[in-house]
Amino acid sequence: MDSPEEDGSSSSYVENITIPSALVEKSFGEKMKKSLTEGEMVNVNLDWRESVPHPDDRVEYELWTNNNDECGYKCDMLMRFVKDFKGAAQILEKGGYTEFTPHYITWYCPQAFTVSKQCKSQCINHGRYCAPDPEQDFSSGYDGKDVVVENLRQLCVFKVAKETKKPWVWWDYVTDFQIRCPMKEKKYNKECADGVIKSLGLDMQKIEKCLGDPNADSDNPVLKEEQDAQIGKGSRGDVTILPTLVVNNRQYRGKLAKGAVLKAICSGFEETTEPAVCLNGDIETNECLDNNAGCWQDKAANVTACKVLTLPSFSSLFIWS
């Protein structure tokens, strides 16, 4: 390809390019110019689907979460999302369209403080894996170590379910545990968790073996792997905040809601290879439905100036007349 320096005729065009700019095909540009010369107002929406990598015909995504249900709005939002997204997630997983992996952030206690009251109440395995106190009160309620143990249990549920080729059972366990074992009702404990596990038909012995001994002065292989996974690799940065969603090794930045997340996941599929759930009207965007996209509208006559036209390389074109 020739560089601009080799073609002097292009210099006048280069001078007019500012940042940000978007390059379009000539035929598409002619359509926009025609609309503008006819006195119409044109609003173009870019389609960013190709910004998500497509390494294969399956989308890999992971959710970094926490089972603490006493941390206020953020915990409520996360639990609501898991409940709302469960159906779509299981459809995608059962169909082989996605590979989902749950993750849990843990911290560690500095060696000099492992014998302190705070570390003992918030950590397991002698300060190696910790979580903040749910109520921010060391003298009452549940401790951070209770959260770490349940995080570990949920990882083990996923591990055992995946071994039986039913990884989607994780969504059933997590949502059932939220409903049946809340902290507010003092049911956030092993007995309640075991009841949920049994109801799902999972192998209790395998899960117990996976849990290991939280009092042992040694690494827990499952939680050690989680801490290692928190460190960013390649195009994915470190995971430092909760919740964090990663789609095809790219951290998602957006609203943690079913529709928004499903759009992000569906963007990871090559065009025309999306599963049916991605073509559902619930996630397709029609901006004419939102305040008529600001266009003129005669409600009595049911007439509007808002039109949606699908054009190459763009998701939609809205024309005001």
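How many disulfides does the count come to?

Tutor: The model is a predicted one, and the count comes to five disulfides. One of them is formed by cysteine 156 and cysteine 210, whose sulfur atoms lie 2.1 Å apart, inside the 2.5 Å cut-off for such a pair. The angle about the S-S bond is -80°, and the link of cysteine 156 and cysteine 210 is left-handed. Because cysteine 156 belongs to helix H5 and cysteine 210 to helix H8, the pair ties together parts that are 54 residues apart in sequence.

These two helices also pack against each other. H5 spans residues 144-163 and H8 residues 204-211; their axes are 9 Å apart and meet at an angle of about 130°. H5 and H8 are therefore oblique to each other, and H5 passes H8 in a right-handed crossing. On the H5 side, the contact is made by Val149, Leu152, Arg153, Cys156, Val157, Lys159, Val160 and Glu163, while H8 contributes Lys206, Ile207, Cys210 and Leu211. Sorted by class, the contact of H5 with H8 holds eight nonpolar residues, four charged residues and no polar ones.

As to confidence, the protein averages a pLDDT of 82, and 78% of the residues score at least 70. Residues 1-5 have a pLDDT below 50, and this stretch has one contact beyond near neighbours in sequence. Residues 308-321 are also below 50, but that stretch has 52 contacts beyond near neighbours in sequence. Where pLDDT is low, the predicted coordinates should not be read in detail.

Conventions:
Residues are numbered from 1 along each chain as its sequence is written. This is a predicted model: local features need pLDDT of at least 70, side-chain atom pairs count only at pLDDT 80 or more; totals for chains, interfaces and linings use all residues. Side-chain values use heavy atoms; hydrogens and water are left out. pLDDT is the predictor's confidence in each residue, from 0 to 100. Contact means heavy atoms within 4.5 Å. Axes are lines fitted to C-alpha atoms, for helices over the stretch in contact, and angles run from 0 to 180 degrees between N-to-C directions. Helices (H or I, at least four residues) and strands (E, at least two) are DSSP runs, numbered from the N terminus. Angles under 35 degrees count as roughly parallel, over 145 as roughly antiparallel, 65 to 115 as roughly perpendicular and the rest as oblique. A crossing is left-handed if the near helix is turned anticlockwise from the far one by less than a right angle, and right-handed if clockwise. Ala, Val, Leu, Ile, Met, Phe, Trp, Tyr, Cys and Pro count as nonpolar, Asp, Glu, Lys and Arg as charged, and the others, Gly among them, as polar.
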